[in-house]
Amino acid sequence: FAFISPGFSALLLTSLLLIAAAPDQKEFDPYKILGVGRRASQAEIKKAYKTLAREWHPDKNKDPSAEDMFIKISKSYEILSNEERRANFDRYGQMEENQPFGQSPHQGFRSFHHSFYFDESFFQFPRSREFADSKYLLHHAQFNSEVLPDSFRRPYLIKVTSEWCFACIHIEPVWKETVEELEPLGVGIGIIDLGYERRLSNQLGAHRAPSIIGLVNGRVSFFHQAVVREHLRQFIEDLLPSTLVQKISDSNYLSFLEAWQVENKPSVLLFDQVPVVPLLYKLTAFAFRDYVRFGYVDQGATHNSRLLRQFNINTYAPTMLLFKEDTQNPVDIIQARGMKKQIMDEFVTNNKFLQVPRLVNQQLFDELCPIKQFHRRRKFCVLLITDQDQAFAPGNKAFLDFAAANKKDVLRFAYVYQQHQQPLCQALLRNQQVVLLERRTQAGKVLFRSVGGGWNGSEEDKYRLYGEIELLQKDPSYLSSDATLPELNNEMAPIFIIRWLNAVYDYFLQVYDELLYSNWREMMPILSLIFSALFILFGTVIIQAFSRPPKKDFVEVTELTDITYTSNLVRLRPGHINVVLVLSDASKNVLLRKFAKEVFSFSGTQTLHFSFLNLDKHRHWMPALLRSARPGDLEDEQDFSDFTGHVLALNGHKRYFCLFRPVFTGDESGGDSSLSRSHSREDGAASKRGASRATSIELHHKLDRLGLWMERLLEGTLPRVHVPAWPSLDPHSSTSHS
């Protein structure tokens with residue numbers, strides 16, 4: 001090799017390297033790597049890519065070749081998922097990123113760099129980010145402390161990316177163009193690295209890259225359309241509230257400007273040639289929506305000609321007019337062909353309060369009358385305590401005129417309605433009075449002085465107030481009184497039901513968005529919540545409804561006969577009790593109605609059955625039952641001459657019964673025990689005279705205390721009478737049922 005020239009050596013070395021690299025070039029076949037055929041559909045290619053990407057991901061697969069294989073899988077999917085690149089590969093083989101369409105990759109020698117595929121976009125090795133992107137990177141603490149509160153003043157467009165994201169490279173040009181367009185308009189920009197900010201991405205619900213998120217008023221929304229600059233711009237516009245800017249015409253401009261009294265805000269009118277409201281204007285309105293009302297006038301519309309003539313608007317450049325209490329003359333105006341955000345922000349900031357605003361909340365009070373910090377920055381607040389009644393209107397108008405004529409940098413004029421801010425007025429100990437005050441501490445401490453003589457707007461009142469202000473400016477110690485003011489009531493706060501409905505609307509909108517667009521991983525928490533709620537509902541309500549028999553609105557009472565006697569008593573299941581009413585033909589209708597009424601509340605018990613026994617058919621059964629009772633279980637002094645109205649609780653399995661003796665109280669509410677016993681004896685005497693002479697009222701009251709007796713039966717506190725066997729219903733049969 002000593003006699004070989006250096007040029008020839010270099011050529012020989014390059015040729016050897018090209019030959020060595022050729023087999024690798026031929027081996028790279030995206031179809032083989034993904035394991036699909038050349039006629040595979042996009043769905044099959046995507047499915048194969050997901051399967052292989054999960055298998056060979058470097059974080060999950062510890063094989064040394066996993067990283068290289070994962071890169072090849074991603075590159076293969078990048079080629080085959082794009083129809084144009086796939087067609088080029090089918091015609092010419094592997095295509096370079098910057099190769100023109102239709103040019104064969106085998107035309108001529110390619111460079112050493114290209115032959116070995118050292119292209120950074122192919123391998124996607126971790127690299128340092130561009131400086132332009134680094135300033136947009138968001139961290140968890142920064143997001144919650146800065147970005148989230150700032151989203152109530154401007155919308156944010158956030159991109160979720162990662163180092164090993166090939167699709168992120170495809171959207172990068174569109175993303176840069178969108179950022180260059182929207183950031184100067186006032187849209188906040190952010191970038192989240194999925195690999196380094198897992199906590200933040202989980203908080204936002206962003207589990208895949210690339211993702212684009214919109215953040216407005218603390219609410220997260222995902223972008224689901226094709227990544228095109230126009231779509232991203234429209235995405236930001238759709239996130240903004242639809243009521244930010246009102247369309248103004250000749251018919252409604254007066255009502256719009258005069259609404260300052262209700263809204264307590266200045267009004268801004270923008271005149272422009274385009275029919276739709278520019279995004280820059282919407283973003284400005286969103287940033288200052290708590291201070292200023294915004295309207296838009298289309299100069300090209302025919303129904304706005306009177307408005308253009310009245311304010312002498314130049315139709316060749318956008319114009320902004322700002323109105324305060326005077327709806328005929330704007331207090332400020334700007335006109336520029338290239339309206340910039342900085343100009344608009346400065347214009348609105350310098351005029352975001354009325355000349356004499358009404359104190360409607362603590363935030364306005366804090367900004368209008370700030371706490372003293374330095375001697376040169378001190379602000380004195382001239383406060384009129386008045387009311388919204390029409391009788392106070394002349395005084396209020398005179399106070400406004402006085403403020404307009406005596407504007408000074410150290411003075412802030414304001415008024416307050418006593419009816420709406422009673423705690424504040426009580427702390428100042430004045431009604432319908434002008435008060436000069438200076439705030440000293442954040443806790444509410446103020447120094448103040450009341451202007452004597454009250455205020456009705458006369459020239460004398462104005463002269464007196466002017467003199468007091470002059471003395472205050474010369475000597476701040478002129479404020480001789482001090483007080484601690486409470487926090488102001490928020491008069492503009494929406495009522496609870498409105499806030500609740502808005503929260504419900506936002507929640508269902510978020511649920512709909514997740515169900516419509518999210519993948520299964522993102523939907524799992526909400527699906528788990530839904531299915532858990534359905535399971536609880538099904539388990540506690542539906543199952544119980546089917547397991548319980550339907551409750552009847554009547555009591556089923558069966559007559560004890562020779563046929564039903566065995567099943568309803570002798571062979572009654574263990575634990576079951578048959579409650580039997582003893583009656584006669586004469587008392588049947590009255591006693592059955594009363595019996596059903598008394599036991600209806602117990603009819604839902606599964607172990608209770610209800611029957612009746614007719615004494616006219618089975619007169620011998622009751623005496624036979626009582627004779628068979630175990631000695632000592634029945635009281636000897638009890639009189640059993642008439643069994644009508646008796647109730648028996650029969651336990652067929654354990655062969656015992658509980659006895660209810662009829663009680664006549666004479667009224668619906670019942671009586672005491674002694675009265676019950678005396679009436680029981682009277683009932684017995686009446687029975688001796690004959691059941692036919694007993695009135696229906698007396699029969700009805702025999703079961704007055706049956707409900708209490710049933711409660712004791714279920715409690716198990718009634719005395720039990722045991723029998724060796726149940727007597728037969730047949731009077732001619734001598735057999736007993738055991």
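Some ground rules. This is a predicted model, where local features need pLDDT of at least 70 and side-chain atom pairs count only at pLDDT 80 or more, while totals for chains, interfaces and linings use all residues. Residues are numbered from 1 along each chain as its sequence is written, and side-chain values use heavy atoms, with hydrogens and water left out.

Okay, confidence. pLDDT is the predictor's confidence in each residue, from 0 to 100. The chain averages 79, and 77% of the residues score at least 70. Which residues should we treat with care? Over residues 1-26 the pLDDT stays under 50, and that stretch has 11 contacts beyond four places in sequence, a contact being heavy atoms within 4.5 Å. Residues 667-694 are also below 50, with 24 contacts beyond near neighbours in sequence. Where pLDDT is low, the predicted coordinates should not be read in detail.

Next, the disulfides, meaning pairs of cysteine sulfur atoms within 2.5 Å. How many are there? The structure holds two. One joins Cys-165 to Cys-168, with 2.0 Å from S to S. That link is right-handed, with 90° about the S-S bond. Are these cysteines buried or exposed? For us, buried means under 20% relative accessible area, exposed means over 50%, and partly exposed is in between, using a 1.4 Å probe and protein chains only. Cys-165 has 6% and is buried, and Cys-168 is buried too, at 4%.

The other disulfide is formed by Cys-369 and Cys-381, their sulfur atoms 2.5 Å apart. Here we have 40° about the S-S bond, again right-handed. Cys-369 sits in the loop between helix H18 (362-368) and strand S10 (380-386), and Cys-381 is in strand S10, so the pair ties together parts that are 12 residues apart in sequence. Helices (H or I, at least four residues) and strands (E, at least two) are DSSP runs, by the way, numbered from the N terminus. Both Cys-369 and Cys-381 are buried.

Now have a look at strand S7, residues 293-298. Why call it enclosed? Six of its six residues are buried, so S7 is largely enclosed by the rest of the structure. Arg-293, Gly-295 and Val-297 are buried on one side, and Phe-294, Tyr-296 and Asp-298 on the other.

What does S7 pair with? Two strands pair if DSSP finds at least two bridges between them. Strand S5 (residues 245-247) pairs with S7 in the parallel sense over three bridges, and Lys-247 stands opposite Tyr-296. Strand S6 (residues 267-272) also runs parallel to S7, joined by six bridges, with Val-268 partnering Phe-294.

Last stop, the rings. Rings of Phe, Tyr and Trp (its six-membered ring) pair if their centres lie within 6.5 Å; planes under 30 degrees apart count as stacked, over 60 as edge-to-face and the rest as tilted. The whole structure has 16 aromatic pairs. One of them is Phe-311 with Phe-323, edge-to-face at 5.2 Å centre to centre and 70° between the planes. Phe-311 is in the loop between helix H16 (305-310) and strand S8 (319-323), and Phe-323 is in strand S8. Phe-311 is buried at 11% relative accessibility, and Phe-323 is buried at 1%.

Finally, ring pairs link Phe-399, Phe-402, Phe-413 and Trp-455 into a cluster. That's my tour, thanks!
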